[in-house]
Amino acid sequence: MKLVPYQEDAVNKIIDSFRQLLHTNHESTQIVFKSPTGSGKTIMTAEALSRLSLEDLPGKYVFIWASMNKLHLQSKEKLAAYLRDSSYELIGLNEMTPGELAANTILFANWESLIKTNRATGEWSNKAVKQGEDGRNIVDIIDSTKQGGKEVILIVDEAHQTYLGPKSQAIVNEIIRPRLVLEVSATPLL
C-alpha cells in the first residue's frame with residue numbers, strides 16, 4: 001500500500017520517536033500518535049512497525065496491542081495482511097502458551113477484558129490476567145518474556161477511552177511494565 005504524504009510524515013515521526021526513546025535512557029516512555037478518525041491510524045502504525053522491524057534497535061521487543069471492544073480483532077486482521085511478509089508473529093490472548101513470547105510477537109488484547117476485576121475481592125478476573133497453574137496468563141508470560149531478555153512495547157489503540165483510568169494504569173504499571181507506550185487516538189487526553 002502506498003502511503004499519502006501526511007501518512008508518510010506521521011510514520012517517520014513515530015519511527016523517529018521510537019529511535020529517540022529506545023536509544024537513550026530518556027525519562028519519557030510515551031509517544032502520543034494523534035490523527036483524525038478515518039486517516040488510517042492502524043495502517044500508519046502497521047507501517048511504522050514494519051519499518052521498525054528493519055531497524056537496528058537496542059534490544060529485543062514484544063508488542064502488546066490493546067484496543068477496546070472488538071477493535072483488537074479488526075486490528076489483528078489488518079496487521080496480519082499488512083505485515084504478512086515481516087518478521088512479526090501475531091497472536092491473540094487465547095493463543096498464548098506458557099513461557100516467554102518470542103521477539104517480534106504482537107499480542108492483541110481487548111482492553112476492557114484485561115482490566116476487569118472482581119468487585120468483591122478487587123483481584124483481576126480475566127483468565128488471561130489472573131494467575132493460574134497452567135502459566136497461560138499475561139502476568140507469567142510477561143515475566144518470562146522479560147527474564148528472557150526482551151522488553152514490552154504497549155500500543156494502546158483508542159487510548160482516550162479507558163487507558164488513563166486507575167485499573168488501566170494499575171495493569172500497565174504492575175503487570176505490563178512497558179519500556180515504551182504508543183498511545184493511538186483521534187482525540188488523546190493530553
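Two residues are in contact when they have heavy atoms within 4.5 Å of each other. Leaving aside neighbours within four places in sequence, Gln7 is in contact with Ser39, Gly40 and Met44. The structure is a predicted model, in which local features need pLDDT of at least 70 and side-chain atom pairs count only at pLDDT 80 or more, while totals for chains, interfaces and linings use all residues. Residues are numbered from 1 along each chain as its sequence is written, and side-chain values use heavy atoms, with hydrogens and water left out.

Gln7 is placed in helix α1; helices (H or I, at least four residues) and strands (E, at least two) are DSSP runs, numbered from the N terminus. With a relative accessible area of 6%, Gln7 is buried. Buried means under 20% relative accessible area, exposed means over 50%, and partly exposed lies in between (1.4 Å probe, protein chains only). A polar atom of the Gln7 side chain lies 3.0 Å from the backbone oxygen of Ser39.

Helix α1 has 18 residues and reaches 26 Å from its first C-alpha to its last, close to the 26 Å expected at 1.5 Å a residue. The expected span is 1.5 Å times one less than the number of residues. Besides Gln7, the buried residues of α1 are Ala10, Val11, Ile14, Ile15, Phe18, Leu21 and Leu22. Seen down the axis of α1, the buried residues fall within an arc of 135°, so they line one face of the helix; the arc is that of the directions from the helix axis to the C-beta atoms. An α-helix has 3.6 residues a turn, so residues three or four places apart point the same way. The face of α1 turned away from the buried side carries the exposed residues Pro5 and Lys13. Among the elements that cover the buried residues of α1 are β1, α2, β2, β5 and β6.

A nonpolar core is a set of buried Ala, Val, Leu, Ile, Met, Phe, Trp, Tyr and Cys residues joined through side-chain atoms within 4.5 Å. The largest such core holds 32 residues, of which Phe18, Leu49, Phe63, Leu79, Tyr88 and Ile106 touch the most other members. At least two residues of this core come from each of α1 (5–22), β1 (30–34), α2 (41–52), β2 (60–67), α3, β4 (105–110), β5 (150–157) and β6 (180–185). The most is given by α1, with 7 residues. A second, separate core of 28 residues includes Met96, Leu114, Val152 and Tyr163.

The whole structure contains 2 aromatic pairs. Rings of Phe, Tyr and Trp (its six-membered ring) pair if their centres lie within 6.5 Å; planes under 30 degrees apart count as stacked, over 60 as edge-to-face and the rest as tilted. Phe63 and Tyr88 form an edge-to-face pair, at 5.7 Å centre to centre and 75° between the planes. Phe63 lies in strand β2 and Tyr88 in the loop between α3 and β3 (89–92), so the pair ties together parts 25 residues apart in sequence. Both Phe63 and Tyr88 are buried. The rings of Trp65 and Phe108 have centres 5.8 Å apart and planes at 35°, so this pair is tilted. Trp65 in strand β2 and Phe108 in strand β4 are 43 residues apart, and both are buried.

Phe108 is also among the contacts of Lys76, which, leaving aside neighbours within four places in sequence, include Leu90, Ile91, Gly92 and Glu95. Lys76 is in helix α3 (residues 71–82).

Key. A polar contact is a pair of N or O atoms within 3.5 Å; within protein, one must be able to donate a hydrogen and the other to accept it, and residues adjacent in sequence count only if both atoms are side-chain atoms.
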